[in-house]
Each structure stands twice: as structure tokens, then as C-alpha cells.
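Hi everyone, thanks for coming along. I'd like to walk you through a structure today, so please have a look at the screen.

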Amino acid sequence: MDFSKHLLLLLCIVVSVLFDCTNGSSMLLERAKEPEFMDWMVGIRRRLHENPELGYEEFATSELIRKELDSMGIVYKHPYAVTGIVGFIGTGKPPFVGLRADMDALPIQEGVEWAHKSKVPGKMHACGHDSHVAMLLGAAKILQERSSELQGTVVLIFQPAEEGGGGAKRMIDEGVVQNIDAIFGFHITSEIPFGTVASRPGPIMAGSGFFEAVITGKGGHAAIPQHTIDPIIAASNVIVSLQHLISREADPLDSQVVTVAKFQGGSAYNVIPDSVTIGGTFRAFSKESFMQLTRRIEEVIVRQASVQRCNATVDFLTDKHLFFPPTINNPSLHAHFQKVASDIVGPANVRECQPVMGAEDFAFFSDAVPATYYYFVGMQDESKSLASVHNPFFTINEGALPNGAAIHASLALNYLSEFGNNFPNKGKVDDASHDEL
Ligand SMILES: *[C@@H]1O[C@H](CO)[C@@H](O)[C@H](O)[C@H]1NC(C)=O
């Protein structure tokens with residue numbers, strides 16, 4: 001009797017130790033750092049780097065991802081938004097948690113000479129999306145190995161066309177995120193040290209829009225201005241007035257940007273042109289501020305041009321460049337991220353960052369999914385400074401791949417066990433649309 005009680009106790013201890021070990025987040029990082037695992041991820045990243053593809057043309061990229069998913073035995077649906085892929089790991093039942101990586105490259109000629117330099121002239125993975133794909137595949141491998149532990153379903157989202165093509169929006173329009181309760185996205189960055197990760201609750205990336213205006217006057221001889229209506233002067237005043245939107249109308253504590261980056265008009269020293277075209281971008285961290293800027297940019301251009309007797313038309317170019325909403329991090333998921341990331345890289349390496357004025361199409365998920373969260377994976381190399389993103393000399397510290405893979409995997413694994421069905425999901429769960437599982 002006594003003996004069996006002790007045996008039971010011993011068994012309990014053994015089971016709980018085993019359970020802790022297999023479930024411990026640091027084990028996920030250990031797994032991702034194993035030489036064979038690491039080589040596999042680095043290999044994927046380098047193959048993608050050699051063959052960069054622009055938005056909605058990621059055909060070889062998509063094929064490579066599908067082959068890897070096949071070899072891991074992960075089921076997926078394809079195509080979404082031309083080249084996108086959605087994979088599923090776990091029970092096939094709610095709750096659903098999403099992990100997202102973007103796949104597209106940029107129209108930049110690589111300037112770095114190295115063994116795996118881009119083989120496609122004028123195209124380059126200069127924003128690290130090659131590493132994002134490798135890290136999400138790494139997370140998928142870890143999760144597939146632990147699929148019996150998943151208390152729900154992890155949805156892997158490989159999306160095309162992040163760089164201005166609105167790939168996230170298109171995948172959402174095609175129903176990818178239906179029923180997903182929460183979704184995590186990441187970006188590699190040389191702004192923070194290797195080994196660290198950073199994020200913040202609330203707005204983390206700005207909303208972004210573009211505009212172009214044609215200011216029309218009446219051209220003529222530059223020495224006889226009284227017979228002309230000068231659009232150069234009108235455009236100049238428009239630009240100065242646009243700057244007052246930020247300095248005089250916006251709340252100084254609510255960061256916003258209006259930049260005129262394009263000014264085209266005239267081609268001779270002695271001819272006043274008929275018209276001038278100006279264009280630029282604007283950024284804000286809330287939808288309200290963004291819509292206010294949109295309204296006022298148009299008003300200021302049209303009315304200020306009229307002061308100099310010119311007419312103006314304003315185009316926000318939304319057919320080619322969608323307005324990107326701000327990327328907003330859910331506060332509950334921030335607490336979740338801090339806990340999960342601390343377990344993996346240590347609390348001292350989990351940092352809080354400032355919001356960034358750049359825009360990210362991950363923001364579209366914020367509108368479509370109850371809770372979204374975006375974070376940065378550090379790769380700053382103390383021995384050499386790395387060029388920043390969208391630069392021909394951009395390089396990656398591949399040592400950061402296991403961190404992203406392990407954290408992405410752990411965010412999903414622990415989300416399912418901790419939040420389960422209790423996360424507010426606006427009552428959207430609809431089993432039927434996931435019956436392909
Ligand atoms: C501005 O538009 C009005 C109304 O169409 C037109 O009468 C006027 O000539 C235009 N002015 C210029 C400078 O194009």
C-alpha cells in the first residue's frame with residue numbers, strides 16, 4: 001500500500017518533469033539551433049535570396065514553400081492571392097491562431113558580393129522576406145513535431161506582395177482569416193541587437209497613403225509674368241501650406257508626417273509652364289488622424305492653388321497604392337509576447353520599441369482579425385554595421401533565424417493552450433468554413 005503510493009508520487013514527478021521539459025519554450029529555441037535544423041533554414045533563406053520574385057510573381061518561392069510543407073506532412077491550401085499559401089497544423093478545430101510571413105522581394109539591384117547574391121538582375125530580397133519565410137517554415141517544423149500538444153489549430157500564412165501590393169488585403173478578401181482569433185507577424189531588423197526582440201502595445205507601424213496633385217495655370221514667357229498664371233508659385237505655396245497641417249493642426253503628441261517628395265514642372269529657364277505635378281506621402285498612427293489628413297491635404301491643395309488663380313486636382317492613387325491602416329498591437333497579446341519571448345531569449349532581451357513611421361501591410365489583418373500582434377527580431381551585428389532595409393547593401397545576420405522560428409512557434413503553441421476559446425473573437429467562429437481539415 002505504502003509502496004504503491006510512493007510509486008504513484010514518483011510517477012507524478014517524472015511525468016511533470018517530462019511535461020515541463022517537452023513544453024518548455026527554451027526547448028523550442030534549442031531545437032531551432034540544432035546544426036541540422038539551422039542549416040536547413042539557412043539553406044531555404046539562401047535559395048530564396050538567389051531567386052527573388054516581386055509581388056504576385058512569387059511562383060518559385062511558393063513552390064519551394066509547398067515542397068517543404070509536403071515534406072513535413074503539413075496540409076495547406078493554395079493558391080490565395082495568386083501565390084499565397086495557407087497551411088494548417090493541429091486539431092483542425094477552433095481556436096485558430098495565425099502566423100504570417102511575407103514572401104516578396106524588391107526591384108533593387110543587389111550591391112553585396114557574396115556566394116548567394118541575387119541571380120536576378122534588378123531584383124533583391126532587400127527587406128528580409130527571404131528570412132521571414134525561412135523562420136515561418138522553421139516555426140512550422142517545430143509545431144508539426146509537437147502537433148499532439150496543440151489545443152487548436154495553427155494557420156500558417158505565406159502572403160505575397162507586402163511591398164505596396166496589398167497582398168494581405170487580397171488574402172483577407174479571399175477568406176484566409178475567417179475564424180482566426182489572433183495573428184502574429186514579425187520583421188527582422190538591424191535596429192536592435194542580435195539576440196533581442198522588441199515590440200510595444202498599441203500602434204507600432206503607421207498608416208500610410210500617397211497623393212499626387214496637378215496644379216494648372218497658364219504658361220507663357222518668364223519675363224512677362226502678367227500674361228501668365230504661374231503654377232510654380234502656386235505649387236510652392238501649396239507645399240508650404242501642407243507643412244502647416246502637421247505643425248499647426250495636428251496634436252504634437254500624435255505623430256504624423258506629410259512629405260512632398262515629387263515636384264515636376266517646367267523645362268526651360270525662360271518659360272513658365274502650364275502646370276506642375278506634385279506628389280508625396282502622409283503617415284499617422286490612428287485612423288482618425290489619417291482620415292483628417294486625407295481630407296485636409298485635398299482642401300489645402302485646391303484652395304491654396306486658387307489663391308494664385310490656379311486650379312488643382314488631387315488623386316490619392318488608391319487604385320495602385322492602397323491606403324495602409326496603422327498596425328495596432330493588442331495589449332493582451334503584448335503581455336503574451338513578453339512572457340513567451342522572455343522564456344526564449346531571456347527577459348533582458350525583450351525590449352519595448354518606439355513606433356515606426358514606416359507602414360506594413362500586416363495592418364490589414366488588424367481590421368479583419370479580433371487581435372493582431374507584430375514584433376521585431378534583432379540581428380544587429382556589433383562587429384559590423386548592417387545596411388538598413390530597402391538598401392542594395394542590405395544583409396542579414398542569419399544567426400537570428402532560430403529566434404524568430406522559436407518565438408513564432410511558441411507564440412502560437414502557448415496562445416492555444418492559454419487563451420483557448422476564451423479570447424474575444426466577436427462570435428465569428430464558423431466551423432463549416434474550415435471543413436477542409
Ligand atoms: C479653372 O477652372 C475654371 C472652371 O472650369 C476655368 O474657368 C478656369 O479657366 C480654370 N483656370 C485655369 C488657370 O486653368
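**Helix packing, domains and a ligand**

Let me begin with helices α5 and α11, which are oblique to each other. Before I go further, please keep in mind that this is a predicted model.

Two packed helices are described by the angle between their axes and the distance between the axes. For α5, residues 129-145, and α11, the axes come within 8 Å and cross at roughly 50 degrees. The crossing of α5 and α11 is right-handed. On the α5 side, the contact is made by Ser131, Ala134, Met135, Leu136, Gly138, Ala139, Ile142 and Leu143. Facing them from α11 are Leu401, Gly404, Ala405, Ala406, His408, Ala409, Ala412 and Leu413. By class, the residues of this contact between α5 and α11 are 12 nonpolar, four polar and no charged.

Now stay with α11, residues 401-418, and turn to helix α9, residues 331-345. Here the angle is about 130 degrees and the axes are 9 Å apart. That makes α9 oblique to α11. The crossing of α9 and α11 is right-handed. From α9, the residues involved are His336, Phe337, Val340, Ala341, Ile344 and Val345. They meet Asn403, Ala406, Ile407, Ser410, Leu411, Asn414 and Tyr415 of α11. If you sort the residues of the contact of α9 with α11, you get nine nonpolar, four polar and no charged.

There is another partner for α11, namely helix α3, which covers residues 35-50. These two pack at an angle of about 105 degrees, with 10 Å between their axes. So α3 is roughly perpendicular to α11. Met38, Met41, Val42 and Arg45 of α3 meet Leu401, Pro402 and Ala405 of α11. The contact of α3 with α11 comes out as six nonpolar, no polar and one charged.

Let's zoom out to the domains. The domain assignment of the chain gives domain 1 as 22-205 + 326-434, and domain 2 as 207-315. How far apart are the centres of domain 1 and domain 2, taken over C-alpha atoms? The answer is 39 Å. Where the two domains touch, six residues of domain 1 are in contact with eight residues of domain 2. On the domain 1 side of that contact, there are six nonpolar, no polar and no charged residues.

On to the ligand. Which residues are around the ligand? They are Thr216, Gly217, Lys218, Ile229, Cys310 and Asn311. This shell divides into two nonpolar, three polar and one charged residue.

Last, some backbone details for those of you who like geometry. The peptide bond from histidine 78 to proline 79 is cis, with omega near -5 degrees. Proline 79 is placed in strand β1, residues 75-80. Another cis peptide bond joins proline 94 and proline 95, and its omega is about -5 degrees. You'll find proline 95 in the loop between β2, residues 84-90, and β3, residues 96-102. Then there is alanine 81, which has a positive phi of about 50 degrees although it is not a glycine. Alanine 81 is found in the loop between β1 and β2.

Methods. Residues numbered from 1 in each chain as written. Predicted model: local features only at pLDDT ≥ 70, side-chain atom pairs only at ≥ 80, totals over all residues. Near = placed C-beta within 6 Å. Nonpolar A, V, L, I, M, F, W, Y, C, P; charged D, E, K, R; others polar. Axes fitted to C-alpha atoms, helices over the stretch in contact; angles between N-to-C directions. Helix = DSSP H or I, 4+ residues; strand = E, 2+ residues; numbered from the N terminus. Parallel < 35°, antiparallel > 145°, perpendicular 65-115°, else oblique. Left-handed = near helix turned anticlockwise from the far one by under 90°. Contact = placed C-beta atoms within 7 Å. Domains from an automatic or database assignment.
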